[in-house]
Amino acid sequence: MNKKPLILGIESSCDETAASIITENSQGNPIVLSNIVSSQVDVHKKFGGVVPELAARSHLEKIDWIVQKAIEDSGVKIEEIDAVASTAGPGLIVCLSVGLSFGKAVALSLNKPFIAVNHLEGHALSPKLNSELNYPYLFLLISGGHSQYLSVKNLSEYKRLGTTIDDAIGEAFDKTAKLLGIEFPGGPQIEILAKKGDPNKYNLPKPIINKGGCNLSFAGLKTAILKITKKIKTDQEKFDLAASFQRTIIEILYKKTKIAFVDFEKQIKPKEKNFVVAGGVAANKEIRKMLINVCKEENYQPIFPPIELCGDNAAMIAMVGLEKFKLKQFDKLDHPAKPRWPLDEGAIFLKGAGVKL
Ligand SMILES: Nc1ncnc2c1ncn2[C@@H]1O[C@H](COP(=O)(O)OP(=O)(O)OP(=O)(O)O)[C@@H](O)[C@H]1O
Ligand SMILES: [Mg+2]
């Protein structure tokens with residue numbers, strides 16, 4: 001019987017130190033044997049955002065025992081591992097360097113292949129950890145640093161259809177939360193507060209809703225919210241603003257997703273219409289509900305990772321490692337950390353004032 005590959009994944013691109021061991025069953029479906037994530041929320045809370053130097057120190061302090069725990073929990077021996085996959089970008093360079101160097105050292109000491117993984121490709125493949133998914137598919141990445149529609153033709157073959165021209169969607173959630181006086185990271189709290197509020201109380205802007213194809217923009221929302229927060233006095237008004245913000249985001253994504261479906265079909269002519277949604281914001285249940293409805297309307301199959309794999313984790317990094325291992329796509333030990341590493345390297349930079357849509 002052929003031995004199934006055992007992949008160690010390591011993630012340290014931002015404020016989560018994570019390690020995971022995955023393998024696959026006899027049908028070739030991935031199995032997560034261990035998945036350890038240590039969040040640094042408490043380290044950064046008092047600063048209202050991630051402080052790179054503190055994040056890097058925290059990764060350095062934890063990386064040994066996180067990897068050790070992932071190996072122990074998986075029930076395999078370290079020498080049985082077939083390859084090591086580490087996030088090499090995008091992210092904070094001081095943070096990336098920790099997991100990347102650690103992964104290279106483990107691979108070298110075991111004399112096993114090393115695989116440098118794009119963190120965003122980890123998000124793109126994360127639903128494969130719990131559902132069958134074939135290429136090609138349409139991918140909506142909604143995370144702390146990115147908001148993009150991409151067509152995924154194959155492993156490492158991405159074409160960007162739309163992107164945010166300013167803030168990422170997770171950033172919009174976190175900034176709104178901050179303006180409402182909620183501690184960092186406030187995104188998940190907005191979802192909770194919104195349950196108690198009236199989503200139609202405030203009329204907020206939907207920037208570039210009628211232009212720019214499926215490109216997105218969220219910065220104008222933040223300015224509008226800043227103005228309103230100066231006037232609100234009661235908790236109920238806070239709940240109403242959280243609910244109105246979330247409703248506005250949902251309306252923007254509803255319209256832009258329909259445009260992305262058309263663009264995807266023009267470009268790919270897929271046999272199966274699969275729509276993958278991943279990244280931290282994909283954990284939001286109201287956003288999920290709306291995206292499932294759009295899929296029903298347009299005959300798409302909605303595919304999400306499990307809630308616990310929406311945010312940063314190393315199982316998704318190991319998942320990319322597993323696919324690359326099977327194709328023997330290995331990297332050299334001098335592979336650099338890449339703070340900027342778009343999935344579609346050919347797409348033009350679309351950020352800042354003066355962007356023409
Ligand atoms: N339930 C939720 N509703 C809305 N936003 C959420 C929810 N849960 C998490 N988020 C947001 O998800 C973001 C974190 O996602 P993720 O960890 O994928 O981002 P990142 O790794 O920092 O960025 P990237 O993957 O783009 O490099 C944060 O902005 C957080 O507020
Ligand atoms: Mg992420």
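**Domains**

I looked up the domain assignment of the chain: domain 1 covers 7-129 + 309-326 and domain 2 covers 137-304. The bounds come from an automatic or database domain assignment. I note that this is a predicted model, in which local features need pLDDT of at least 70, side-chain atom pairs count only at pLDDT 80 or more, and totals for chains, interfaces and linings use all residues. Residues are numbered from 1 along each chain as its sequence is written, and chains are lettered from A and ligands numbered from 1 in the order in which they are written.

I took the centres of the two domains over C-alpha atoms and found 27 Å between domain 1 and domain 2. I then checked contacts (C-beta atoms, placed from the backbone, within 7 Å). On this count, 14 residues of domain 1 touch 19 residues of domain 2. On the domain 1 side, α1 (41-44) and α4 (119-125) are the elements that give two or more residues. Of the elements, α4 gives the most, with four residues. Helices (H or I, at least four residues) and strands (E, at least two) are DSSP runs, numbered from the N terminus. I sorted this side by class and got five nonpolar, six polar and three charged residues. Here Ala, Val, Leu, Ile, Met, Phe, Trp, Tyr, Cys and Pro count as nonpolar, Asp, Glu, Lys and Arg as charged, and the others, Gly among them, as polar.

**Ligand 1**

I listed the residues around ligand 1 (C-beta atom, placed from the backbone, within 6 Å of the molecule). There are 21, and the closest are Gly144, Gly145, Gly170, Gly187 and Gly280. The elements giving two or more residues to this shell are α4, α5 (169-179) and α6 (187-194). I note that domain 1 and domain 2 each supply at least three residues to the shell. By class, the shell has six nonpolar, 12 polar and three charged residues.

**Sheet**

I followed an open sheet of five strands with mixed pairing, in the order β8-β7-β6-β9-β10. Strands count as paired if DSSP finds at least two bridges between them. At the edges are β8 (157-163) and β10 (301-303), each pairing on one side only. The twist from one strand to the next averages 25 degrees. I checked β9 (residues 274-278) against β10 and found a parallel pairing over three bridges. In this stretch Phe275 stands opposite Pro302 of β10.

I then looked at the helices on the sheet. Helix α8 (residues 235-268) lies across β6 (137-142), β7 (147-154) and β8, at about 145 degrees to β8. Helix α9 (residues 285-298) touches β9 and β10, and its direction makes about 155 degrees with that of β10. Axes are lines fitted to C-alpha atoms, for helices over the stretch in contact, and angles run from 0 to 180 degrees between N-to-C directions.

**Backbone**

I found a cis peptide bond between Gly89 and Pro90, with omega about -15 degrees. Pro90 is in the loop between β4 (83-89) and α3 (93-110). The bond from Tyr135 to Pro136 is also cis, and its omega is near -5 degrees. Pro136 is in the loop between α4 and β6.

I noted a positive phi, near 60 degrees, at Asn111, in the loop between α3 and β5 (114-118). Asn111 counts as exposed because 7 other C-beta atoms lie within 10 Å. The cut-offs, with C-beta atoms placed from the backbone, are 20 or more within 10 Å for buried, 12 or fewer for exposed, and partly exposed in between. Ser156 has a phi near 65 degrees and is in the loop between β7 and β8. I recorded Ser156 as partly exposed, because it has 15 C-beta neighbours inside 10 Å.

Notes
Two residues are in contact if their C-beta atoms, placed from the backbone, lie within 7 Å.
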